[in-house]
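Hello,

Here is the structure I promised to pass on to you. Have a look at it first, and then read on for what turned up in it.

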Amino acid sequence: MITPLLFGSLGFWEIALIVLVIILLFGGTNDINNGVPLGTFDKNVAPGTVDLTTTIWDNFADGYKTTIMRMQHYYPYARIVCITPMYKGSGNNYNKRLDSFVSVIKDISDYFGIYCIDLRKCGINPGNFAPEYGLMIDGLHPDAKGMELIANYVYLQLNNMINFGAQSPEDETK
């Protein structure tokens, strides 16, 4: 997105174009499916300095936190947006673990002041995974209609973020 900005310089008005870079961090689905330990994130404990060398973590929370810290380090002017995993038709164990993973994602994004889109609210849920609804190919992967639903939801949430600040959609109801 390009936003025009007018500013004065030496008494003359110049036009500058600022490019808004948005990084979408959509992760967690494979971690849940593959049984990665969740870990914890304590908002009251500062995460320390960014680790630029480690590539393996003991749990999801540490890896997710480090991913955000690295993005902030390497792309300091980018706007990061976290997107949570969505419900899947791949068994009850996934959906049970999903809520815990989403909670950690929201805690981490909140700590860093990052906008978070909860994809569980996009309209795809355990009640409409069956083929007759035409949203999921196999209970895990959305089909064209499902992707359109997701894209429209994410677009609306990004538009909300750009127009109204960094408040997450969930915060509007508080």
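Two strands are said to pair if DSSP finds at least two bridges between them. Helices (H or I, at least four residues) and strands (E, at least two) are DSSP runs, numbered from the N terminus.

A word on where this comes from: this is a predicted model, in which local features need pLDDT of at least 70 and side-chain atom pairs count only at pLDDT 80 or more, while totals for chains, interfaces and linings use all residues. Residues are numbered from 1 along each chain as its sequence is written, and side-chain values use heavy atoms, with hydrogens and water left out.

Let's begin with the strands. E3 (residues 22–26) pairs with E4 in the parallel sense, over five bridges, and Leu24 stands opposite Val81 in E4. E4 also pairs with E5 (residues 115–117), again in the parallel sense and over three bridges; here Ile83 stands opposite Ile117 in E5. How many of the residues of E4 are buried (under 20% relative accessible area, with exposed meaning over 50% and partly exposed in between; 1.4 Å probe, protein chains only)? Four of the five residues in this strand, which spans 79–83, are buried.

Next, the helices. Ser109 lies in H3 (residues 92–111). Ser109 counts as buried because its relative accessibility is 2%. Leaving aside neighbours within four places in sequence, Ser109 is in contact (heavy atoms within 4.5 Å) with Cys82, Ile114 and Cys116.

H2 (residues 60–74) has 15 residues and reaches 21 Å from its first C-alpha to its last. That is close to the expected 21 Å, the expected span being 1.5 Å times one less than the number of residues. The buried residues of H2 include Phe60, Tyr64, Lys65, Ile68 and Arg70. At the start of this helix, a side-chain oxygen of Asn59 comes to within 3.2 Å of the backbone nitrogen of Ala61.

Now for the charged pairs. A salt bridge here is a side-chain nitrogen of Lys or Arg within 4 Å of a carboxyl oxygen of Asp or Glu, and the count by this rule comes to five. One of them joins Asp110 and Lys43, whose closest N and O atoms are 3.2 Å apart. Asp110 is in H3 and Lys43 is in the loop between H1 (29–33) and H2, so this pair ties together parts that are 67 residues apart in sequence. Both partners are partly exposed: Asp110 has a relative accessible area of 48%, and Lys43 has 38%.

Another salt bridge is formed by the side chains of Asp99 and Arg120, at 2.7 Å from N to O. This pair links distant parts of the chain, with Asp99 in H3 and Arg120 in the loop between E5 and H4 (144–164), 21 residues apart. Asp99 counts as partly exposed at 38%, whereas Arg120 is buried at 19%.

Asp118 and Lys106 also meet through their side chains in a salt bridge, 3.0 Å from N to O. Since Asp118 lies in the loop between E5 and H4 and Lys106 in H3, the pair ties together parts twelve residues apart in sequence. Is Asp118 buried or exposed? Asp118 is buried, at 0% relative accessibility, while Lys106 is partly exposed at 24%. Salt bridges that share partners join Asp99, Lys106, Asp118 and Arg120 into one network.

Enjoy exploring!

Best wishes

Definitions and conventions: Polar contact = N/O pair within 3.5 Å; in protein donor to acceptor, adjacent residues only side chain to side chain.
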